[in-house]
Amino acid sequence: MRTILITGPGGGGRTTVAAATALRAAREGSRTLLLSAERADTPGAVLGTPTGARPVEIEPRLTAWRPDAAAGFRRDLAEFQQRAAGVLDLLGASRLDAEEVTPLPGAEELTFLRALRDAALSERYDLLVVDLPPLPGALALLALPEELRRYLRRLLPPERQAARALRPVLGRLAGVPMPADWLYETAGRWDVELAAVEAVLTDRYTAVRLVAEPTPAAVDALRTARLGLALRGLRTEALVANRVLPDTTPDTWLAGLVAQQRKALREWEGEEECEVHAVPHLGRDPGSPDDLAALAVPAVTGTDRPVEWPVADRIAEDGVLVWHIPLPGAIREELDLIRRGDELVITASAFRRIVSLPSALRRCTVSGAGLREGELRVRFAPDPGLWPAAAR
């Protein structure tokens, strides 16, 4: 199954383009699900059919779904209270009723990621069109599975479960109860669920479609977005310039907007590595499938170009291995690298990612790095103590 993640600056019409993309795919024969993170029923407004917490069929082969974060949070909290009953009783804590529970910050994101996982694992669809929040919220959401998995592994390493027999002794020595089995089991279940979401996001058939009105502010926002997406290893499939005015606009104040749009389009076409598609302004807000079809958004193709971070063997020539990390739009002065054990902390402008080193590079030391033609190249020298071949 293919997955298209759609996002863009706020107010650029990304939900409208997401709905139009899903509609076109469905009418061309693909069983399609439009999954939206919108709180308000914006998808229903443009599709002409209300959408909500349950998947609803818009027309043959097209389904829309807006997950309910509040219901998911109440369900998770009830399960947690049941499993932690012993600890809560020990502390004298009182239970929370479902009626008094409201979602905490982060609950919506986790509920949406779970829905994304369930939809991707379902065999009911050929295409998943995901209407993400606006930038930069979408970038934070896409980073969440990997970051939460790393936190879980650090806080509750799976290998500690092997010491179950020692927990009563350790508890007496420390004077406090040791984590119970259910805590490790819960962490393990969360890790599996987050790994499934991460697998969807990093799949070679997953790509990003950016949507924005061609304005100077959007030019800057998308340049930043490209860097954040590249650092996550996500491929931008297309850039949709939305609400483009016709060239035949009369010589009025609208002529200035047309000139501004044409300038932004030229910049995008000169900078973007992906295809740039112009979607016309209808002169009104879309409110039906026919309106969405009139937008003539680009089709979702079957091609796939996975993002690769290759390691080049330059030992014979230069005595190093070179890790090539594509970071289009990165600025040398805003780049920072830190080696932490078997991980590399990469900071690019406002974005940061901690990545595990490929196995070959774990036996090396960082000998330098450089930014060239939108690509970060990190040089690793083999450690003679860990790489016997280099010592000879």
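**Stop 1: a hairpin**

Select T347 and R352. T347 stands opposite R352 of strand 13. Strands here, like helices, are DSSP runs numbered from the N terminus: E of at least two residues for strands, H or I of at least four for helices. This is a predicted model, in which local features need pLDDT of at least 70, side-chain atom pairs count only at pLDDT 80 or more, and totals for chains, interfaces and linings use all residues. Residues are numbered from 1 along each chain as its sequence is written, and side-chain values use heavy atoms, with hydrogens and water left out.

Now show residues 343-348, strand 12, beside strand 13. The two pair in the antiparallel sense over 6 bridges. Two strands count as paired if DSSP finds at least two bridges between them. Strands of a sheet pair through backbone hydrogen bonds, either parallel or antiparallel.

Which residue of this hairpin takes a positive phi? Select S349: its phi is near 60 degrees. The hairpin has 2 residues between the strands.

Next, colour strand 13, residues 351-356, by face. F351, R353 and V355 form the covered face. R352, I354 and S356 form the uncovered one.

**Stop 2**

Zoom in on strand 14 and strand 15 (residues 375-382). They pair in the antiparallel sense over 8 bridges. Pick A369: its bridge partner in strand 15 is V378.

**Stop 3**

Move to the open sheet with the order 3-4-2-5-1-6-7-8. Its pairing is mixed. Strand 3 (56-59) and strand 8 (275-280) stand at the edges with a single partner strand each, so one side of each has no neighbour in the sheet. Neighbouring strands are turned by 25 degrees against each other on average, direction ignored.

Strand 3 pairs with strand 4 (residues 62-65) in the antiparallel sense over 3 bridges. There, V56 stands opposite A64 in strand 4.

Touching, or contact, means heavy atoms within 4.5 Å.

Just after helix 9, find G233, which takes a positive phi of about 75 degrees.

**Stop 2: helix 10**

Select residues 254-271. This is helix 10, and Q261 is in it. Its 18 residues should span 26 Å at 1.5 Å a residue, and its end C-alpha atoms are 26 Å apart, which agrees. The expected span is 1.5 Å times one less than the number of residues.

Which residues of helix 10 are buried? Highlight V258, Q261, R262, A264, L265 and W268. Buried means under 20% relative accessible area, exposed over 50%, and partly exposed in between (1.4 Å probe, protein chains only).

What covers them? The cover includes strand 6, helix 9, strand 7 and strand 8. Turn to the face away from the buried side: R266 and G270 are exposed there.

Centre on Q261. Its relative accessibility is 6%, so Q261 counts as buried. Beyond its neighbours within four places in sequence, Q261 is in contact with P214, R243, V244 and L245.

Finish at E267, also in helix 10. At 30% relative accessibility, E267 counts as partly exposed. Not counting residues up to four places away in sequence, E267 touches V219 and R223. E267 and V219 are 48 residues apart along the chain, yet 7.8 Å separates their C-alpha atoms.

**Last view: the whole chain**

Zoom out. The chain has 13 helices and 15 strands. Of its 392 residues, 43% count as buried.

Definitions and conventions. Axes fitted to C-alpha atoms, helices over the stretch in contact; angles between N-to-C directions.
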